[in-house]
Amino acid sequence: MLLLLRQGKISKWFSGMGQEAISVGTALAMDKEEFILPMHRNLGIFTGREIPLSRLFAQFQGKMSGFTKGRDRSFHFGAKDYNIVGMISHLGPQMGVADGIALGNLLKNNKKVTAVFTGDGGASEGDFHESINVAAVWDLPVIFIIENNYWGLSTPSAEQFRCKQFIDKAIGYGIEGVQVDGNNILEVYDAVLTLREKIQKKNRPFILECMTFRMRGHEEASGTKYYPEGLQEEWSKQDPLTNYESYLLEQKILDEQQIADNRKQLKTEIEEGLKIAFDEPLIKPDTEIEYADLFKKSEVKIQPAASGRINMLRLIDAISGGLKQAMQKHPNLILMGQDIAEYGGVFKVTDGFVTEFGKERVRNTPLCESAIIGAGLGLSINGYKAMVEMQFADFVTCGFNQIVNNLAKSHWRWGQNADVVVRMPTGGGVAAGPFHSQSNEAWFFHVPGLKIVYPAFPADAKGLLTAAIEDPNPVLFFEHKALYRSISGEVPDDYYTIEIGKANLVKTGNDVTIITYGYGVHWALETLDKNPLVKADLLDLRTLLPFDKEAILETVKKTGKVIILHEDTLIGGIGAELSAFINENCFEYLDAPVVRSASLDTPVPFVSELEQNFLPKNRFEKQLMDLVAY
Ligand SMILES: Cc1ncc(C[n+]2csc(CCOP(=O)(O)OP(=O)(O)O)c2C)c(N)n1
C-alpha cells in the first residue's frame, strides 16, 4: 500500500503497521455472523473476513467493484455481506451504531456479540461517553475495543486525557474493562474470545483496552517527526508480526520454508488483486444514479383508511394514534426517547404504550441524543425500524452529526438505508424561550439524503407519520407543540398512509398564492378569514424535503403572485429556496416579486410580547395585502 501510495495509485491511506494483531486477532475471534465496526487502521478486519483483495483495491482506487461506487475513500465503507460496518470520518459515531446493532441482537436474544473500535484520541469524543453509557444501562452485548496507541495524530495521551488507562473508565460506567498487550495476537484473540463467552452467558458490554503503538504517521503525508527520538525503535522490538513469527518458529509450528512460501503466495494474491482492480475501467458519472442512490427505493403503499369511521381528534391524539397503529403493524418497530416509557413522554404522545407494547419496544433512553440516533441506524442495519423522539426539537443539536452524516449519507455511501424516524416537537408561541421554541427544519433542509415532513392538521399528521415509519429512509417529522392541543380535526380511525412529498391546496383563489406549512397554515387561514375579499390559493407543503414542485408551479402560474410564510427565521430559511425555485422556473408568470414572511433573524425570545413581535404572524397580514395591491 505504501508503494502504491507513493506512486499515486491509491488515495489516502491510514497505516496500521504495528497494530495488526488487534484487527486480525479480533476478526478471528469473532463469529463471521457477528458485526464488527472498525476504524481507519483496521485493514485486518477486512482481510480477516476474507474480502477479496481485488475488491479492497477497487475500493481504495474508487472503482465500481469496490463498496461505495467511488463515493467514499479508504476505510469509509461498510460491507454488509461480511457483517462489517465502516466508519464515518468523525470516529466516535461508530459506537452508537454498534449500540443499535447490539440492541437488535439483545431483542432477538441470538447470543451474538458486536465489536466496535475506537482509538485513544477518538475516546475523547462525547460519542464515546454516550455510547458506553447507553450500552451499560441497557446491558448491550458489545465489546468496545480501544486501540490505545498513545497518540492521536500528533497529540500525545498527556494532552488528550488525564486518566491513566481506559479500563479505569469502565468503573465509572459500571462495567468491566480488560487490558491486554495489543501487540500480542494470542492475547487479543484470547481476550475477545473470553469476553464473547462471558457476554453469551450474560448480556453486557465490556471495554477491551489494547495497548499498542502506531509505527507510521497518522497518514503518510503527515510524517512522524513529533515522535520523540528512539520511540519507534523501542516499539519496533515489539512488532506483532515479527514477534509472532519468531514464536511460531520457536514452537516449530512454522519453518523458514513455510514462511517463504506464505510470503510468495501472498505476494501473488496481492498482485492478482491489484491487476483486477487496475484493469477495471474508471467510473463514468451518471447524475441520475447519483440522485437515485440517495434513498432506498421506497415501497410505501398509499393505503386509504379501510372503513369510513372518523373521530374528531386533537393533533396530539392523531399522532399518538398513528404511532400506536404503526407499532401494531410493524412488530420490528422500536421507540426510543427520553421519558417515553411509563411517563409517556413530556407531551404524552406515548402515554400507555408500555402497557401494550412492553419496555423492550418502548425504551426510555439516557440523555444521549447522539448515541440514540446512531443506535437507530444500528437497529436498521440489524433489520429493525426505529423511531426516536426528541424531547424538544431544539435538543437535536446534540445528535446533529448522526443525522446529517450517518443517517443521511449511509445509503448513498454504501447502500445501507437508515430506517429511522426522528420526531421533533417544534416551534414557538408558548413563551418557552430560545431553547424550547426553535424552528430548525432549515438546518436539515440543506442535507441530501433526508426527508422532512411537517404536517399542519391532525389527519395529515397521522397519515404522514405512518408513511414516514413505513418509509425505509431517514425522515425528520416535525410536530408543532403549540398545535398539539389547540387544534382538532376529523381523523380516520383505521390505519392509513399519505404520500410523502405531496402538498395540499387547503383553499383556492385567483388573487395570490400563499405557500406555507406548520403553524403558518393556521395563521394564513385566520388572516384570510379576516380578509374575505382576498381570494388566495393556500398551499400547505406538508413535506419540505422533497417539496412538491409541481404543486408550487401550478398555483404560481395560476395566480402570478406568491407569498411564502414560515415561522422559522428569514435568512437562509426554506422560503429562500422556494423563492429561488419560483424565480428560476416561472419568472414569466410572476406579476410581483416573490415575498417572504418569516420570523425576525434573532433567537426566539421568552416573554410573550417579544415572542409575538418575533413571529411573522402580525407582519404577514400587511405583507399579504401589499402584495395583493401590487
Ligand atoms: C470529530 C473529528 N475530529 C477530528 C478528526 C481528525 N482526526 C482524524 S483521526 C484523528 C486522531 C485519532 O486518534 P485516535 O483515535 O487515537 O486513533 P489513531 O489514529 O491513533 O489510530 C484526528 C484528530 C476527525 N476525523 N473527526
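**Close-up views of a predicted model**

**View 1. Proline 546 lies in the loop that links strand S19 (543-545) to helix H22 (549-559).** Helices (H or I, at least four residues) and strands (E, at least two) are DSSP runs, numbered from the N terminus. The peptide bond between leucine 545 and proline 546 is cis, with omega about 0 degrees. This is a predicted model, in which local features need pLDDT of at least 70 and side-chain atom pairs count only at pLDDT 80 or more, while totals for chains, interfaces and linings use all residues. Residues are numbered from 1 along each chain as its sequence is written, and side-chain values use heavy atoms, with hydrogens and water left out.

**View 2. Asparagine 83 sits in the loop between helix H4 (53-60) and H5.** Asparagine 83 is a residue other than glycine with a positive phi, near 55 degrees.

View 3. The side chain of histidine 40 has an N or O atom 2.9 Å from an oxygen atom of the ligand. From the backbone, glycine 122 places an N or O atom 2.7 Å from a ligand oxygen atom, and a polar backbone atom of tryptophan 151 is 2.9 Å from an oxygen atom of the ligand.

**View 4. Helix H5 (residues 93-108) and H6 cross at roughly 15 degrees, their axes coming within 7 Å.** Axes are lines fitted to C-alpha atoms, for helices over the stretch in contact, and angles run from 0 to 180 degrees between N-to-C directions. H5 and H6 are therefore roughly parallel; angles under 35 degrees count as roughly parallel, over 145 as roughly antiparallel, 65 to 115 as roughly perpendicular and the rest as oblique. The crossing of H5 and H6 is left-handed, a term used if the near helix is turned anticlockwise from the far one by less than a right angle, with right-handed used if clockwise. Pro93, Met95, Gly96 and Asp99 of H5 meet Asp127, Phe128, Ser131, Ile132, Val134 and Ala135 of H6, contact meaning heavy atoms within 4.5 Å.

**View 5. Helix H6 (residues 126-137) and helix H15 (residues 369-381) cross at roughly 65 degrees, with axes that come within 8 Å.** H6 is therefore roughly perpendicular to H15. Their crossing is right-handed. On H6 the contact involves Asp127, Glu130, Ser131 and Val134, and on H15 Glu369, Ser370, Ala371 and Ile372.

**View 6. Helix H13 (residues 315-329) packs with helix H19 (residues 458-470) at about 30 degrees, the axes being 8 Å apart.** This angle makes H13 roughly parallel to H19. H13 and H19 have a right-handed crossing. Residues in the contact include Leu315, Ala318 and Ile319 of H13 and Pro458, Ala461 and Lys462 of H19.

Key
Polar contact = N/O pair within 3.5 Å; in protein donor to acceptor, adjacent residues only side chain to side chain.
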